[in-house]
Amino acid sequence: MNKLILWISAIFGFVFQAYAQDFYSQKDRNYWLGKAEENIPKLTESIEQPKEVVRMVEDKGAYQGWKAERAFPVQQFYQTSLKKQESFILDFGEHLTGYFTFAVTPLNRTPDAPARIKFTFGEVPSELATPFDPSRDGLSRAWLQDEIVTVTTVPDTIIIPRRLAFRYVKIELYHAPNYDFAVSDACCKAVTSASGKPEPLPETTPAIVRDIDRVGLNTLKECMQTVYEDGPKRDQRLWIGDLYLEALANTYSYRRHDLTKRCLYLLAGLADDSGYLNGTVFERPYPHPQAKQLLLDYALLYNVSVKDYLQATGDKQTAEDLWKVVKKQTEIIPLYLQENGLMNFEKANQEWWIFIDWRDGLYKEVSLQGLSIFALKQTYELAKLLGREKELDHLPKMIKKMTDAARKYFYDKKTGLFAGMNNKQISYSSQLWMALGGVTTKAESQRALKALQTSENVVHTGTPYAYHYYIQALLNCGLNNEAKEALIAYWGGMVRKGADTFWEAYDPVNDFISPYNFYPMNSYCHAWSCTPVYFIRKYPEIFQAK
Ligand code: RAM
């Protein structure tokens, strides 16, 4: 009997082990992580000083209702006792990512007690004027950039340890000692891995396009750290979807291909045991993924990024190294592909996070089908570039089946628009992903994208991320003027509202849009919004023309 139990447990253990096994070998993972480490870029540092003291003024016409108005010179602040005024706001004149330092200087008596000061850092004026508390449900309150610092001995110079992303700093006396003191010598050690200045656009380029390009370059620069971060304020980490767009913009500007390479290897090294990629990973305190954060669309977009990287650099070695991972991601689709050629959206949606966009109520069935077709096509291109198309010779048939199904089940010939099986919602995302997937002919794409303007109850995009794909869809079907107009209206809208860097979420008709239920939580320097840099520089004849 005892023997039987032993046998059963041995067999059980074996089966369990087989199941628990990692899809990739430890050797592969170590190699990928080693490559990621080799390519950690050196950060460039610069010391930046505040330009002036400002006050935030309520103004209905300003973005989110607040604007910064010049108050007085910084030197004057450095000589003023913090006990004289409730709060002061320093303006650094541009968005910075880095480490904030300040000095505390006594002004009259010998300091005999600690001073406690509160600092609030903001990327946009409203962050300095909107109370952060009571905090709302959603993301951690600790993302909001306020710090209370106790200065035990005065005078002293203090560095706030947390890396910050800001243009404005509010300085408030929190607990006053009985002597007068001033805060002075404020500065920021700004860091980025972007280096050099991308070529300037020709003088003849319209001023608004140059402004958009400048703000886009700043956005990208700030997000380029030791990985492509999504935003230097939040989440300060690598997400595949953000990487995909940042790498596109980088190819047409800073050309730090080593950073792209690092990110691709890092994601591979930190893939889930199943072989599928985690949507987001952390570098510190040691490289690790956000476990089980599986985003279906992001896993597929990884393949597109590898292809883009190969085309931009000719670095076949890296693409070969990562091929195994790329191939594995294509296996996601058959898991959900039904006999009729449609992805089983309900099932996929239960098992994965299908992102597509931050937009309340967006129904993603059509987008998922289109994005999957798009990614499969791009992966097949990559296979061809590597001479490995035989390994994926089932893809062309799969692509055709999925395309036919999308046309059969989603397309309304009468309206020229696509809608899902279980939900007839008409959205930008559905139309643009059908166009990018090449489900439609050019003429059909044109019709669908144009119809969005005149149809009722259309679900718009919520982020520059999704709007990027809209612009690309317009370009792919030859609606070049429309693409230019849309880019200028959307990103130019942010410029006109005072953006130093482009925002995570933007709706031209709602300044307070927030995926987190609280707009100060938004990131106002968000990587995925930097792509005008790519459009303007890749298609000069369209975007740089007068
Ligand atoms: C946001 C992140 C990131 C994005 C994910 C899906 O919270 O900031 O930009 O990729 O969501």
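Rings of Phe, Tyr and Trp (its six-membered ring) form an aromatic pair if their centres lie within 6.5 Å; planes under 30 degrees apart count as stacked, over 60 as edge-to-face and the rest as tilted. The structure is a predicted model, in which local features need pLDDT of at least 70 and side-chain atom pairs count only at pLDDT 80 or more, while totals for chains, interfaces and linings use all residues. Residues are numbered from 1 along each chain as its sequence is written, and side-chain values use heavy atoms, with hydrogens and water left out.

**Exercise 1. Aromatic pairs**

Task: State how many aromatic pairs the whole structure holds, and classify the pair of Trp239 and Trp353.

Solution. 
Step 1. Trp239 belongs to strand E10 (residues 238–239) and Trp353 to the loop between H11 and H12, so the pair ties together parts that are 114 residues apart in sequence. Helices (H or I, at least four residues) and strands (E, at least two) are DSSP runs, numbered from the N terminus.
Step 2. Trp239 has 9% relative accessibility and counts as buried, whereas Trp353, at 25%, counts as partly exposed. Here buried means under 20% relative accessible area, exposed over 50%, and partly exposed in between (1.4 Å probe, protein chains only).

**Exercise 2. A second pair and a cluster**

Task: Determine whether the pair of Tyr244 and Tyr469 is stacked or edge-to-face, and list the cluster that ring pairs build.

Solution. 
Step 1. Tyr244 and Tyr469 lie 6.4 Å centre to centre with 15 degrees between the planes, a stacked pair.
Step 2. This pair links distant parts of the chain, with Tyr244 in helix H6 (residues 240–251) and Tyr469 in helix H16 (residues 464–476), 225 residues apart.
Step 3. Both Tyr244 and Tyr469 are buried.
Step 4. Ring pairs join Trp239, Tyr244, Tyr298, Trp353, Phe355, Trp358, Phe374, Trp433, Tyr465, Tyr469, Tyr516 and Trp528 into a cluster.

**Exercise 3. The ligand shell**

Solution. 
Step 1. For an N or O atom in the side chain of Asp235, the distance to an oxygen atom of the ligand is 3.4 Å, and for His526 it is 2.7 Å.
Step 2. The ligand taken alone exposes 290 Å², and the protein buries 97% of that (Shrake-Rupley method, 1.4 Å probe).

**Exercise 4. Backbone exceptions**

Task: Locate the cis peptide bonds at Pro134 and Pro155, and decide whether Lys292 is buried or exposed and whether Ile356 is buried or exposed.

Solution. 
Step 1. Most residues other than glycine have a negative phi, and most peptide bonds are trans.
Step 2. Asp133 and Pro134 are joined by a cis peptide bond with omega of about 0 degrees; Pro134 lies in the loop between helix H4 (125–129) and strand E6 (146–151).
Step 3. Val154 and Pro155 are likewise joined by a cis peptide bond, with omega of about 5 degrees, and Pro155 is in the loop between E6 and strand E7 (156–159).
Step 4. Lys292, not a glycine, has a positive phi of about 65 degrees. Lys292 sits in the loop between strand E12 (288–289) and helix H8 (296–313) and is exposed at 58% relative accessibility.
Step 5. Ile356 also has a positive phi, about 60 degrees, in the loop between helix H11 (345–351) and helix H12 (365–385). At 2% relative accessibility, Ile356 is buried.

Technical notes
A polar contact is a pair of N or O atoms within 3.5 Å; within protein, one must be able to donate a hydrogen and the other to accept it, and residues adjacent in sequence count only if both atoms are side-chain atoms.
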